[in-house]
Amino acid sequence: MMMKESAYSADKFNKGDTIISVRDLFKAFGTKKVLKGLTIDVKKGEILVIIGPSGCGKSVLLKHIMGLLSPDSGSIFYAGNEVTKFSEAEFNLMRKRFGMLFQGAALFDSLTVGENISFGLKEHTTLSKSAIDEIVNEKLELVGLPGIADLKPAQLSGGMKKRVGLARAIAMNPDVLLYDEPTTGLDPVMVTIIDKLTVDMNKKLGCTTILVTHDMKSAFRIADRIAMHFNGQIIEVGTREEIMRSTNPVVKQFIDGSEEGPITLAHVTVEK
Amino acid sequence: MINFLLDEIKAMIKGLGEMTLMLASGFSFLIRGQVNLKDLVNQMSSIGVDSLFMVSITGLSTGMVLVVQMGNQMMKMGAESYVGGIVALALSRELAPNLTAIVVAGRIGSAMAAEIGTMAVTEQIDALHTLAVSPIKYLFVPRVLATALMLPILTIFSNAIGLAGGAFVSVMQVNISLVTFKESILSTLLVRDIIGGLAKTVIFGIIIGTVGCYKGFKTYGGAEGVGKSTTSSVVLAIMLILVANYFLSVLVVNVNETFFAQ
């Protein structure tokens, strides 16, 4: 099959068109069913925040979109292509258009900050060293950490690691950015900074953003739309206002953070 | 009990199958020339530097002990002119290749499993995938190739140091002259004995690199998981080396007899 990188580009879609579509996704790890027929559409250019209890399988959904996990059944479409039928080579073409920020930043600890950010560029482009250095500096500037290209990840704080992870994710100017719990474990000020960066990236790069979190404050601050993930499915999707006014008892309990309600300890499954 | 054993055997066969697939995939990168030379050289130098001391001590001790154990007996039988040859043959055919491989499995295979295992539990392997870079190409190929290239070199060291140790004990303790020891080696040892031993270590190197990387990639469950992978990589690599050694030795002997028999 002919593979063209342009087939994986979001350019032919207009803002607001459905760009990623997840259909009836099922996934179990052993006997533990994590996704149970999950369906959701993502629109080009939006910030979609997926909320849900810790360990309900939100990260598993992101890993499916990236092709890091394959579903037991169901399908995912990106820019009209059925991702779930991709070969590894096709996935790699698609992944060049994607960026992902991991929960623990997942920086390569044997490389410097600069080498981390330039990793994809060195592998996939023929840019000169000076051009790559320029991009590295520009991206570091963008995440508010100029001049740290020569440091090793071990020398950085948690919040700095996340921001470097973000700089690496945006190094190739992706069409889609995925964030896995970007603010977990950070202090409130850093949470606000990361939230602001998320919105900035979305505006400056024009990229579609899917962000997974259980931090309601963040969700309401940055989301265009919020989706509630519960029990392996998306049980409600809406704008900030719609979610805030939701009468769904699960959504209400999650927003209020109350102990009483349909969400119990039994719903928290083990994430892989 | 029987079920447990069956499960273990199934898991082992599955593991061997997956390792074979990884090797095949690594080989396809290799023949397409997709090897990062800088990584390869880095790996080779760290394997050499990290294991040279251990390999030297092992070789030295083996050569010395061989002469301690048989020197006096051979002297009593008037067979001192065989000591050098026997030490040289034992070292070059079996002891140096096997012991070097086992030392490197413990020193390098475990380090690979720990490094890649840590990358796996901190999502760095996933991050490689998301950057559209194959972990097989980036991590596996340079490591396996480096071990396969370095193990023969380390074995040559082990051979030489072992012989030097044997000669030292012969002269100092058993009273065999250096000339007798040397003559014995020269009249017994053939180049093909050394080559046969070195050829085996290429395969051992592939085993050590593959098992170390495989156990690393399969790591889950945080620090405890990394510990488990590290230990199991050493156990599995040594076991596979010992099993492979039997078949490789049969092969080397047959090749020698078929092509070089006078």
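## About the model

This is a predicted model, in which local features need pLDDT of at least 70, side-chain atom pairs count only at pLDDT 80 or more, and totals for chains, interfaces and linings use all residues. Residues are numbered from 1 along each chain as its sequence is written, while chains are lettered from A and ligands numbered from 1 in the order in which they are written.

## Chain B at a glance

Chain B has eight helices and zero strands, so its elements read α-α-α-α-α-α-α-α from the N terminus. Helices here are DSSP runs of H or I with at least four residues, strands are runs of E with at least two, and both are numbered from the N terminus. The C-alpha trace of chain B spans about 70 × 50 × 40 Å along its principal axes.

Of the 262 residues in chain B, 45% are buried. A residue is buried if 20 or more other C-beta atoms lie within 10 Å of its own, exposed if 12 or fewer, and partly exposed in between, with C-beta atoms placed from the backbone.

In chain B, the axes of helix α2 (residues 37-76) and helix α5 (residues 135-174) come within 5 Å and cross at roughly 30°. Axes are lines fitted to C-alpha atoms, for helices over the stretch in contact, and angles run from 0 to 180 degrees between N-to-C directions.

The residues of the contact of α2(B) with α5(B) divide into 24 nonpolar, 17 polar and two charged. Ala, Val, Leu, Ile, Met, Phe, Trp, Tyr, Cys and Pro count as nonpolar, Asp, Glu, Lys and Arg as charged, and the others, Gly among them, as polar.

## Where the chains meet

How many residues of chain B are in contact with chain A? There are 10 residues of chain B in contact with 15 residues of chain A. The side of chain B that touches chain A has four nonpolar, four polar and two charged residues.

## A sheet in chain A

Chain A has an open sheet of six strands in the order β6-β7-β8-β3-β9-β10, with mixed pairing. Strands pair if DSSP finds at least two bridges between them. At the edges stand β6 (98-101) and β10 (233-239) of chain A, each with a single partner strand, so one side of each has no neighbour in the sheet.

β6(A) and β7(A) pair in the parallel sense over four bridges, and A:Phe98 stands opposite A:Val176 in β7(A). A:Phe98 and A:Met100 point one way from β6(A), A:Gly99 and A:Leu101 point the other way, and all are buried.

## A closer look at A:Tyr78

A:Tyr78 lies in strand β4 (residues 73-78) of chain A. Is A:Tyr78 buried or exposed? A:Tyr78 counts as buried because it has 24 C-beta neighbours inside 10 Å. Leaving aside neighbours within four places in sequence, A:Tyr78 is in contact with A:Ile19, A:Ile20, A:Val83 and A:Met94.

Note on methods: Contact = placed C-beta atoms within 7 Å.
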